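Here is a briefing for a first look at a protein model. Please keep the sequence and the 3D view open while reading.

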Amino acid sequence: MGAFLYGVSLQWKLDIRSKTLLITCYIVPLLFFAIMGGIFTSVMPEAEYTLIQSMTVFGVTMGALIGLPPTLVEIYSSDIKKVYKANGVPLILGLALTNISAFIHLFIMSIILYIAAPFAFHARIPENPGMYFGGLAVFIAVSLSIASIIGLAVKDQAKTSMFSILIFLPSVMLSGIMFPKELLPKAFETAGKLFPAAWGYKLLAESDFQSESLFPLLLILVLAAVMCIVLLRKMDK
């Protein structure tokens, strides 16, 4: 257990020095918040009620889908994987360490948004903070699970970025954080439900627990976890 915690700590420190993670988990989400927060609240005054949730969904989705896959490709498509196998280290360790580290960074970023939004744009704090942060933890985990599939399935760094963007863009555009989903064509609204961002935004914006928002996220998490295990077993052969 001590060795595992040391590994998490070491990975977290390495990620802090990573320019990719710094940009995707902190700089871009916070810059997007600084610019779009003012625009949202000016154009749509009612946006102050969901500003924290919408900015958080954007930040988590970007940090997970754009930030995590390159790190996994670096581990599993390089000599690091050979070192793991040579020393009898389970391949799942690299996946676990990177996911835990990314989870911590994304949670910290979300807390920054949670604290800064009311001061910067008079955003309303969620009515039930306990439920909000519980839902946030689930949403981050689900987003990272999808990012993990990309990082494990795609071996080339350039292709990884392409697949990440192809999932990131519809996730954000169809989630409801940019404009109400009711304004979308029915087909697009339905397609948005395939991505965690739509369910995550709905879950974070609710003041009371609604199982119909949580269960789809848990289903995606389970399916993604199974997919990651299958991909890791293929690598181990």
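This is a predicted model: local features need pLDDT of at least 70, side-chain atom pairs count only at pLDDT 80 or more; totals for chains, interfaces and linings use all residues.

Residues are numbered from 1 along each chain as its sequence is written, and side-chain values use heavy atoms, with hydrogens and water left out.

**Overall build**

- The protein has 10 helices and zero strands. Helices (H or I, at least four residues) and strands (E, at least two) are DSSP runs, numbered from the N terminus.
- From the N terminus on, the elements read α-α-α-α-α-α-α-α-α-α.
- Of the 237 residues, 47% count as buried. Buried means under 20% relative accessible area, exposed means over 50%, and partly exposed lies in between (1.4 Å probe, protein chains only).
- The structure holds zero disulfides. A disulfide is a pair of cysteine sulfur atoms within 2.5 Å.
- Cys-25 is buried, at 1% relative accessible area. Cys-228 is buried too, at 6%.

**Helix H2**

- H2 covers residues 19–43. Its 25 residues should span 36 Å at 1.5 Å a residue, and the end C-alpha atoms are 33 Å apart, which agrees. The expected span is 1.5 Å times one less than the number of residues.
- H2 bends by about 35° at Met-36. The bend at a residue is the angle between axes fitted to the seven residues ending there and the seven starting there.
- Buried residues of H2 include Cys-25, Tyr-26, Pro-29, Phe-32, Phe-33 and Met-36.
- Leu-31, Ile-35, Ile-39 and Val-43 make a nonpolar surface patch of about 380 Å². Patches are made of residues with over 30% relative accessible area and no salt bridge; like charges are joined within 9 Å, and nonpolar side chains (Val, Leu, Ile, Met, Phe, Trp, Tyr) within 5 Å. Accessible areas come from the Shrake-Rupley method with a 1.4 Å probe, and for residues only the protein chains shown count as cover.
- Ile-35 is partly exposed, with a relative accessible area of 48%.
- An α-helix has 3.6 residues a turn, so residues three or four places apart point the same way.

**Helix H3**

- H3 has 26 residues and reaches 37 Å from its first C-alpha to its last, close to the 38 Å expected at 1.5 Å a residue.
- H3 bends by about 30° at Leu-68, and a proline, Pro-69, follows within four residues.
- In H3, 25 of the 26 residues are buried, so this helix is largely enclosed by the rest of the structure.
- Pro-69 and Ala-147 are 78 residues apart along the chain, yet their C-alpha atoms are separated by 5.8 Å. Ala-147 lies in H6 and is buried, at 0% relative accessible area.

**Helix H10**

- H10 runs over residues 211–235. Its 25 residues should span 36 Å at 1.5 Å a residue, and its end C-alpha atoms are 36 Å apart, which agrees.
- Buried residues of H10 include Ser-213, Pro-216, Ala-224, Cys-228 and Leu-231.
- Leu-231 has a relative accessibility of 12% and counts as buried.

**The salt bridge**

- A search of the whole structure finds one salt bridge. A salt bridge is a side-chain nitrogen of Lys or Arg within 4 Å of a carboxyl oxygen of Asp or Glu.
- Glu-48 pairs with Arg-124 in a salt bridge, the closest N and O atoms being 3.2 Å apart. Glu-48 lies in the loop between H2 and H3 and Arg-124 in the loop between H5 and H6, so the pair ties together parts that are 76 residues apart in sequence.
- Glu-48 is buried, at 18% relative accessible area. Arg-124 counts as partly exposed, at 40%.

**A positive phi**

- His-122 is in the loop between H5 (92–121) and H6 (129–153). Its phi is near 55°, a positive value in a residue other than glycine.
- Most residues other than glycine have a negative phi.
- His-122 counts as exposed, at 59% relative accessibility.
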